[in-house]
Amino acid sequence: MSVERDGNELSFVTKGDANEKVDPSPVAAGSIVGRVVVTLPYVGYVSTFADTSVGFVALVLVPFGLLAVTELRDFLLQGI
């Protein structure tokens, strides 16, 4: 995204994540709806890490394995 200034008018040039080209017409600053409520810095790094094979194992398979082990342990201890 980039910001263009034409005199006192601001507009934003946008581009979708899956698009190679920018959108055909800029969006005027007055047409923007919404505001930033909260930001979560560095969350994107976790998402990028999860896309790797090591990240998948660390963030999906390891917690699933731990859950399975604790459930199995609880099941076996119930019988005692």
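Mentor: Let us begin with a term: helices are DSSP runs of H or I with at least four residues, numbered from the N terminus. Please note also that this is a predicted model. With that term, the largest share of the nonpolar patch, eight residues, comes from H2.

Trainee: Which residues make the nonpolar surface patch?

Mentor: The patch is made by Val-46, Phe-49, Val-54, Phe-56, Val-57, Leu-59, Val-60, Leu-61, Val-62 and Leu-66, and its area is about 850 Å². Helix H1 (43-50) and helix H2 (53-78) each supply at least two of its residues.

Trainee: What does Val-57 count as, in terms of accessibility?

Mentor: Val-57 lies in helix H2. Its relative accessibility is 39%, so Val-57 counts as partly exposed; that class lies between under 20% for buried and over 50% for exposed.

Trainee: And how do H1 and H2 cross?

Mentor: Their axes come within 6 Å and cross at roughly 105 degrees. Angles of 65 to 115 degrees count as roughly perpendicular, and therefore H1 and H2 are roughly perpendicular to each other.

Trainee: Which residues make that contact?

Mentor: From H1 there are Val-46, Phe-49 and Ala-50, and from H2 there are Val-54, Gly-55, Phe-56, Ala-58 and Leu-59.

Trainee: A change of topic: how many salt bridges does the structure hold?

Mentor: It holds one. The side chains of Arg-73 and Asp-74 meet in it, at 3.2 Å from N to O.

Key
Residues are numbered from 1 along each chain as its sequence is written. This is a predicted model: local features need pLDDT of at least 70, side-chain atom pairs count only at pLDDT 80 or more; totals for chains, interfaces and linings use all residues. Side-chain values use heavy atoms; hydrogens and water are left out. Patches are made of residues with over 30% relative accessible area and no salt bridge: like charges are joined within 9 Å, nonpolar side chains (Val, Leu, Ile, Met, Phe, Trp, Tyr) within 5 Å. Accessible areas come from the Shrake-Rupley method with a 1.4 Å probe; for residues, only the protein chains shown count as cover. A salt bridge is a side-chain nitrogen of Lys or Arg within 4 Å of a carboxyl oxygen of Asp or Glu. Buried means under 20% relative accessible area, exposed over 50%, partly exposed in between (1.4 Å probe, protein chains only). Axes are lines fitted to C-alpha atoms, for helices over the stretch in contact, and angles run from 0 to 180 degrees between N-to-C directions. Angles under 35 degrees count as roughly parallel, over 145 as roughly antiparallel, 65 to 115 as roughly perpendicular and the rest as oblique. Contact means heavy atoms within 4.5 Å.
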